[in-house]
Amino acid sequence: MQKQLADLLVHEHAPLTLAQQAAGLPAQTPLFTSLLNFRHNTAGSTGPDDVMSGALEGVELLSAHERSNYPLTVSVDDSGSRFDVVVQAASPLSPQAVTGLIHAAAANLVTALEEETGATGLHEVQVLDETDERQLLTRWNDTAHEVPVTTLPRLFADQVGRTPDAVAVTFEGTELSYAELDARTNRLARLLISRGVGPESVVAVSMERSADLVVALLAVLKTGGAYVPVDPEYPADRIAYMFGDARPVLVLTSRSAAGGLPVVADLERVVVDEPQTVSTLAGLDAGELAETERRCALLPDHPAYVIYTSGSTGNPKGVAVPHRNVVQLFEAAKSRYDFGADDVWTWFHSFSFDFSVWEMWGALLHGGRLVVVPHGISRSPGGFLDLLVRERVTVLNQTPSAFYQLVQADAEAPDLGSRLALRFVIFGGEALDHGRLTEWFARHPEDAPALVNMYAPTETTVVCTAYPVSAREEESTGVLPIGSPMWNTRAYVLDDSLRPVPVGVAGELYLAGAQLSRGYTHRPGLTAERFVACPFGAAGERMYRTGDVVRRRADGHLDYVGRADDQVKVRGFRIELGEIEAVLASHPLVGQAAVVVREDTPGDKRIVGYVVADPTAENSGAAADLSASALSAAVRGYVRERLPDHMVPSAVMRLDVLPLTVNGKLDRRALPAPDYRVAGSNRAPSTPREKELCDLFAEVLGLPEVGVDDSFFDLGGHSLLATRLVSRIRTALGAELPIRTLFEAPTVAGLASRLEAQTNTKRARPALRPRPRPMQEEN
């Protein structure tokens, strides 16, 4: 150690800014937050007060208090015969807890020295005593409870028997009772079985969100097969990859979605609303399926669905989740939340996002009513607020990004918001900022509705930890905790050696228990890498390495800190930046690529790509002939053809070289902020309508000006900003504009033309008002 310190003295005059740069830390991150001060004293003093009073001859020191500028300072006084330790800690750190850890570490170090065999490294010395370790591993993970071991179709059949006439599904004026939903799914299940679907087989489902989609998913499960959700809005290349990777028996789709699907040889399609299919279904038995009708018995361990998530290697990966996991999920929820038959749930999210599993089965397993939210309404916060009031929704599930927009709509229509019937608002998908809930709590009681922050990766079945949100948190701003594990889930915060870290110390989160998925379909290597042996459970038990960095609070709740890798969450979507980088780098004109998430405007996260032209392409003239803006546009178009919209960078910047740190790593801090004005045409508006739209574009995008030929999305727009623009157009221009129109005509000129062509332009609502629900016709 002395030699190391001596070697480091050559850097003693280096400025802290250089050290900050070498460490690769963001500008506002402290270089260090703790200080260890080791003071060697040979004067025979016996304590810290003696050290401080040694130079005060003739003066009696009654008391002393050292000040510190750091959250944690540990001072060790070595008198030659003893050590005295003084800990100064700022809240929420506990100096008593720190001294306890130091005491345990010192005792374990002495023991290790006494028993030294040459096989023990310093990093292997434990810093926890038995009591602390037992609390971290056992007491806070004492979640074991008995739950039924069954399947989703069995539970749904039981619910149909209890409430056959209750409304199960509502969509755009169409209602299906539990008995009607059961009959329709039974018919479709029989058709699918006749086409070879059964347990351990997979059906790709690609349909728009509707009541028919509920029927399709439930029918697949009744056959014993697993459904793979394929968003029909995905690029054809990505859909083709998913078809090839998942190896479905067939594709279940609708006429409106089928036209956009790639043709795959020998892959059968069943189009549910084709006349021939409708006629065939009408002739099938609507009664409950007998077990003998399936190709083999349906078991709780058979997969229910395979959901694809972003993959770091350039392609998405499918996560296979069994029936027993979803059953366990809702049994665990019963211990905390009183969901029942009177509840009304919304299906707001894409069915390719596993939050949809919680939404759909939350309603159907409790006898509640599922309101399928039309895609256009899900992109209109004001329209969605109107739907929540009109349908008397009681359970709302939202990503924080979507809820922040709903909060704004609620503020703009407080009379309507006051009529909400919500009992629960459940968050998931990304970090929840308490500071952005202040407006909501100012208008709504803390417990009406109750707000809950939930967490879990897709690999551990939708949600497995939960935290009740209050209006008055100890820390009124910042990211809220993700809570504590629910029934039959265990959470371990571990270091690189898979040992528990103390309370308040950041470590990687590992999850174990009944909600672990099977793993990644047809990817045994990746499954083995992420689902590792659990050293704290029974023989053969696995735990999932989440990649999320967390720390325990003193009360056992988990605080989310960040990621241990390049995975990010943007607007609720889980994204591997490596997948985007791989697609960028595959462009024939690109030699190097990097992707980051920037938040140049607070609350507005955007994906930004950086590319360096391929020298070979430049030498041949292919890249040299393109300007920086033309190359960026070409690369963005290339990416849009291969990745979903939420993964397409808001901007792609061409650089001469990627900046590196002194250690040779990518210097993310040195990557320049994108200049969205480069993509602009600057053609001036020629009509008052175009001028108004240009001003609204600039306002929403945060730009000084916008030309009439500029694309909203090329200038950095994304889905959430699109909803904001549509809302501003309604307010400022008095025109109702479906959000899909913006995607179809993303320029000022295009939108102006669409608005002029609307002969029946709807006037904007001066204020959203609730409407009485139409009386139901009696059967």
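Author: Start with valine 608, which stands opposite alanine 651 in strand 29. This is a predicted model, in which local features need pLDDT of at least 70, side-chain atom pairs count only at pLDDT 80 or more, and totals for chains, interfaces and linings use all residues. Residues are numbered from 1 along each chain as its sequence is written, and side-chain values use heavy atoms, with hydrogens and water left out.

Reader: What makes two strands pair, and in which sense do strand 28 and strand 29 pair?

Author: Two strands pair if DSSP finds at least two bridges between them. Strands (E, at least two residues) and helices (H or I, at least four) are DSSP runs, numbered from the N terminus. Here strand 28 (residues 604-613) and strand 29 pair in the parallel sense, over five bridges.

Reader: What does the open sheet with the order 1-2-3 look like?

Author: That sheet has three strands and mixed pairing. Its edge strands are strand 1 and strand 3 (83-89), and each pairs on one side only. The twist averages 10° from one strand to the next. Strand 1 and strand 2 (residues 72-78) pair in the parallel sense over seven bridges. Serine 34 stands opposite leucine 72 in strand 2.

Reader: Which residues form a nonpolar patch on the surface?

Author: First, the rule. Patches are made of residues with over 30% relative accessible area and no salt bridge; like charges are joined within 9 Å, nonpolar side chains (Val, Leu, Ile, Met, Phe, Trp, Tyr) within 5 Å. Areas come from the Shrake-Rupley method with a 1.4 Å probe; for residues, only the protein chains shown count as cover. In this model Phe32, Leu35 and Tyr70 form such a patch, with about 250 Å² of accessible area together. Leucine 35 is found in strand 1 (residues 34-40).

Reader: Is leucine 35 buried or partly exposed?

Author: Buried means under 20% relative accessible area, exposed over 50%, and partly exposed in between (1.4 Å probe, protein chains only). Leucine 35 has 35%, so the residue is partly exposed.

Reader: Now side-chain direction. Which way do the residues of strand 12 point?

Author: In a regular strand the side chains alternate between the two faces of the sheet. In strand 12 (residues 344-347), Val344 and Thr346 point one way and Trp345 and Trp347 the other way; all are buried. Strand 12 pairs with strand 13 (residues 369-372) in the parallel sense over four bridges. Valine 344 stands opposite arginine 369 in strand 13. From strand 12 the chain crosses through helix 13 (residues 355-364) to strand 13, and this β-α-β crossover is right-handed. Right-handed means that, with the strands pointing away from the viewer, the path from the first strand over the helix to the second runs clockwise.

Reader: How many residues of helix 13 are buried?

Author: Ten of its ten residues are buried. Among them are Trp358, Glu359 and Trp361.

Reader: How many salt bridges does the structure hold?

Author: A salt bridge is a side-chain nitrogen of Lys or Arg within 4 Å of a carboxyl oxygen of Asp or Glu. The structure holds 36. One of them joins arginine 190 and aspartate 285, with the closest N and O atoms 3.7 Å apart. Arginine 190 lies in helix 7 (residues 178-194) and aspartate 285 in the loop between helix 11 (275-282) and strand 10 (303-309), so the pair ties together parts 95 residues apart in sequence. Arginine 190 is buried at 11% relative accessible area, whereas aspartate 285 is partly exposed at 48%.

Reader: What does the side chain of aspartate 343 meet?

Author: Aspartate 343 meets arginine 423 in a salt bridge (2.9 Å, N to O). Aspartate 343 is buried, with a relative accessible area of 4%. Arginine 423 is partly exposed, at 28%.

Methods:
Axes are lines fitted to C-alpha atoms, for helices over the stretch in contact, and angles run from 0 to 180 degrees between N-to-C directions.
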